[in-house]
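This report describes helix packing and nonpolar cores in one protein model. The structure is shown first.

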Amino acid sequence: MTYEAILYETREHVAVLTLNKPDRLNAIGAAVRTEVHAALGEAHRDDTVRALIITGAGRGFCSGADLSSAAIGANPPPQPKDQNSLLDDQGWVGRWAHLFHDFDKPLIAAVNGVAAGAGMSMALACDLRVGSEHARFKTVFIERNLSPDSGMSYFLPRIVGYSRAADLIFTSRAVGAEEAYRLGLLDRLVAHESLVEEAVKLAGEMAGWPPLALRASKRVLQKNMTADLDDALRYESVNLGFARKAVNDSRESIRSFAEKRKPTYTGT
């Protein structure tokens with residue numbers, strides 16, 4: 001697929017997806033939604049891609065839904081024409097949250113500027129966030145006479161705790177990079193000029209491990225966030241079997257350790 005609203009490239013085993021609407025601070029319009037869905041599908045199907053980074057072009061990471069009159073006029077919401085559409089209780093914001101949460105390879109947000117509304121939710125739905133001194137988070141929803149959507153009420157309290165989530169949602173105050181790092185909204189804080197390179201380096205560290213074990217590890221971690229201990233232990237046992245299906249990687253892990261060399265994993 002040819003992309004226009006985003007940029008998509010691969011660097012060895014790491015894919016980099018850049019939202020490319022800098023004049024709108026990478027706001028989420030119809031074209032961005034369509035192309036991000038397509039790119040994540042491409043990365044999911046490509047076995048050479050073992051980790052994915054999402055960032056934004058220009059000054060912003062993502063300013064949330066594109067509410068400009070031009071965007072709304074050019075892409076008016078379609079009128080439901082079938083029963084499934086009429087019964088849809090999630091809408092595009094629900095599918096947006098699932099898109100990132102359900103991506104089954106490590107997903108890193110490289111937060112280069114403002115992340116607001118659904119754009120903040122997108123960053124929170126990633127496995128971790130690397131940010132620069134220009135990173136800024138803002139929940140925004142209450143300013144638009146809205147309660148949180150796009151998964152924010154799910155992701156934010158799991159990352160920062162209930163009371164801090166309440167603080168950010170009820171006040172809609174801006175959170176700068178240093179505070180974001182202290183709160184846990186950012187996992188790494190790096191220099192702006194090397195943000196994407198540092199994110200690629202981190203993703204490369206993850207991508208250097210056995211791919212099936214890496215994906216199974218993400219499955220276990222996500223599933224067991226809400227499981228009790230017995231179910232968590234069972235799910236761990238099941239996923240051990242998936243990782244062991246890569247028999248060549250199992251042999252390579254043992255051989256490289258015995259031979260005191262860096263392993264090379266193939267996902268087979």
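## Helix α10

Helix α10 has 13 residues (211–223), which at 1.5 Å a residue should span 18 Å; its end C-alpha atoms lie 18 Å apart, in agreement. The expected span is 1.5 Å times one less than the number of residues. Helices are DSSP runs of H or I with at least four residues, strands are runs of E with at least two, and both are numbered from the N terminus.

Buried positions in α10 are Pro211, Leu214, Arg215, Ala216, Lys218 and Val220, where buried means under 20% relative accessible area (1.4 Å probe, protein chains only). Elements covering these residues include α1 (30–45), α4 (91–101), β5 (107–111), α9 (195–207), α11 (229–244) and α12 (247–258); contact means heavy atoms within 4.5 Å.

## Basis of the model

The model is predicted: local features need pLDDT of at least 70 and side-chain atom pairs count only at pLDDT 80 or more, while totals for chains, interfaces and linings use all residues. Residues are numbered from 1 along each chain as its sequence is written, and side-chain values use heavy atoms, with hydrogens and water left out.

## Helix pairs

The axes of α10 and α11 come within 9 Å and cross at roughly 165 degrees. Axes are lines fitted to C-alpha atoms, for helices over the stretch in contact, with angles from 0 to 180 degrees between N-to-C directions. α10 is therefore roughly antiparallel to α11 (over 145 degrees). The contact involves Leu212, Ala213, Ala216, Arg219, Val220 and Lys223 of α10, and Tyr235, Glu236, Asn239, Phe242 and Ala243 of α11.

α4 and α5 pack at about 25 degrees, with axes 8 Å apart. These two helices are therefore roughly parallel (under 35 degrees). Trp92, Trp96, Phe100 and His101 of α4 meet Ala118, Met122 and Ala125 of α5.

## Nonpolar cores

The largest nonpolar core has 50 residues, and those with the most contacts inside it are Leu17, Val36, Phe100, Phe137, Leu156 and Leu185. Helix α5 (118–125) gives the most to this core, with six residues. A second, separate core of 17 residues includes Ala110, Leu195, Leu202 and Ala207. A nonpolar core is a set of buried Ala, Val, Leu, Ile, Met, Phe, Trp, Tyr and Cys residues joined through side-chain atoms within 4.5 Å.

Leu185 touches, among others, Met120, Leu124, Phe137, Leu156 and Leu168, not counting residues up to four places away in sequence.

## Helix α7

In α7 (162–171), Ala165, Ala166, Leu168 and Ile169 are buried. Their cover includes α6 (152–160), β9 (175–176) and α8 (177–183). Ser172 follows α7 and has a positive phi, near 55 degrees.

How values were computed: Angles under 35 degrees count as roughly parallel, over 145 as roughly antiparallel, 65 to 115 as roughly perpendicular and the rest as oblique.
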